[in-house]
Amino acid sequence: MTRVVGQLLLINVVAYVLTRGNPGLMPELWLVPAQVLTRPWTLITYQFLHDPGGVSHIFFNMLALFFFGPKLEALLGSRSFLKLYLLAGLVGALVHILWTLLAMSQGGLYAPMVGASAAVYGVLFGYARYWPRDRVMIWFVIPVQVRFLVIAFTVLSLWLGLGGVGGGVAHFAHLGGFLGGWLYLRLRATRSAAAKFRRKAASPGVRMGERELNAKWGRIEPSALHPVNRAEYERIADKLKAAGWSALTDRERTFVERFGGGLG
């Protein structure tokens with residue numbers, strides 16, 4: 001269990017227990033599209049609330065966070081993972097509000113929305129982005145690759161949202177969660193050290209030689225790496241032994257750049 005995932009699980013469970021025992025807390029924290037300008041904090045607080053009348057809503061959200069969150073947090077880092085989670089929930093709320101306005105749904109404008117689903121959908125998208133072929137068991141029976149799960153959820157949310165099926169569920173918030181996850185990872189990729197290195201390496205007259213690459217490789221401490229990154233290090237090491245630096249892809253070279261220090 002990673003730090004932020006554990007904290008998010010705890011906050012959601014504590015909020016569920018508190019609101020179940022005192023439902024009067026809910027109206028101050030849930031998201032109502034018509035009131036969002038006067039209660040902007042609800043764009044965040046709604047993400048930590050769940051229907052106090054049943055346990056299935058929070059159970060499945062927290063189960064998904066428990067299974068998909070730790071590996072993604074380990075890869076991105078705790079701070080980046082939290083940003084992805086909150087941004088996915090925020091974009092999910094904004095997409096829900098926009099769709100409600102476009103649909104001119106008077107009832108929808110005043111219908112409260114709660115739940116971590118949009119944020120969790122963002123986590124699911126992030127997981128599928130890095131480990132698309134990992135398999136999950138649907139109903140603990142049917143194996144499905146995560147990338148196909150995201151596609152299926154997207155199609156299902158569109159069909160249910162556009163068809164008005166499944167009342168009481170903010171299907172476009174789920175789609176917004178996917179969008180928020182994609183936006184964050186896209187922005188992160190353009191601002192990452194790897195992206196900066198690729199831009200610098202693409203500049204005229206700039207090319208790292210094997211001597212500098214060897215120096216950077218020697219500065220990497222495998223024992224200090226997270227198991228996910230250590231596995232990548234070992235894979236690249238085997239490739240170097242077999243074929244040398246010329247066989248490495250741009251992505252593998254950026255791994256060396258990131259963990260071996262800056263261009264200096």
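I take the expected span of a helix as 1.5 Å times one less than its number of residues. I take helices (H or I, at least four residues) and strands (E, at least two) as DSSP runs, numbered from the N terminus.

**Entry 1. Basis.** I worked on a predicted model, in which local features need pLDDT of at least 70 and side-chain atom pairs count only at pLDDT 80 or more, while totals for chains, interfaces and linings use all residues. I number residues from 1 along each chain as its sequence is written, and side-chain values use heavy atoms, with hydrogens and water left out.

**Entry 2. Overall make-up.** I found 13 helices and 2 strands in the protein chain. I call a residue buried under 20% relative accessible area, exposed over 50%, and partly exposed in between (1.4 Å probe, protein chains only). Of the 264 residues of the chain, 41% count as buried. I define a contact as heavy atoms within 4.5 Å. Among contacts between residues at least 6 apart in sequence, 69% join residues at least 24 apart.

**Entry 3. Helix α12.** I looked up α12, which covers residues 227-243. This helix has 17 residues and reaches 24 Å from its first C-alpha to its last, close to the 24 Å expected at 1.5 Å a residue. I listed its buried residues as N229, Y233, I236, A237 and L240. Seen down the axis of α12, these fall within an arc of 110°, so they line one face of the helix; the arc is that of the directions from the helix axis to the C-beta atoms. The buried residues of α12 pack against α4 (56-76), α11 (210-219) and α13 (250-260). On the face turned away from the buried side I noted the exposed residues P227, K241 and A242. Just after α12, G244 takes a positive phi of about 85°.

**Entry 4. N229.** I then examined N229, which is placed in helix α12. N229 has a relative accessible area of 13% and is therefore buried. Leaving aside neighbours within four places in sequence, I found N229 in contact with L75, F255 and F259.

**Entry 5. Aromatic pairs.** A pair of aromatic rings is described by the distance of the centres and the angle of the planes. I count rings of Phe, Tyr and Trp (its six-membered ring) as a pair if their centres lie within 6.5 Å; planes under 30 degrees apart count as stacked, over 60 as edge-to-face and the rest as tilted. The structure holds 13 such pairs. Y121 and F178 form a tilted pair, at 4.9 Å centre to centre and 45° between the planes. Y121 lies in helix α7 (residues 117-130) and F178 in helix α9 (residues 171-191), so this pair ties together parts that are 57 residues apart in sequence. Y121 counts as buried at 15% relative accessibility, and F178 counts as buried at 6%. The rings of Y127 and W131 have centres 5.0 Å apart and planes at 50°, so that pair is tilted. Both Y127 and W131 are buried. I assigned F68, Y127, Y130 and W131 to one aromatic cluster.

**Entry 6. Charge over a ring.** My criterion is NZ of Lys or CZ of Arg within 6 Å of the ring centre and within 35 degrees of the ring normal. R129 lies over the face of Y130, at 5.0 Å from the ring centre.

Entry 7. I treat two strands as paired if DSSP finds at least two bridges between them. Strands β1 (residues 135-138) and β2 (residues 142-145) run antiparallel and are joined by 4 bridges. M137 has P143 of β2 as its bridge partner. The two strands form a hairpin with 3 residues between them, and W139 in the turn has a positive phi of about 55°.
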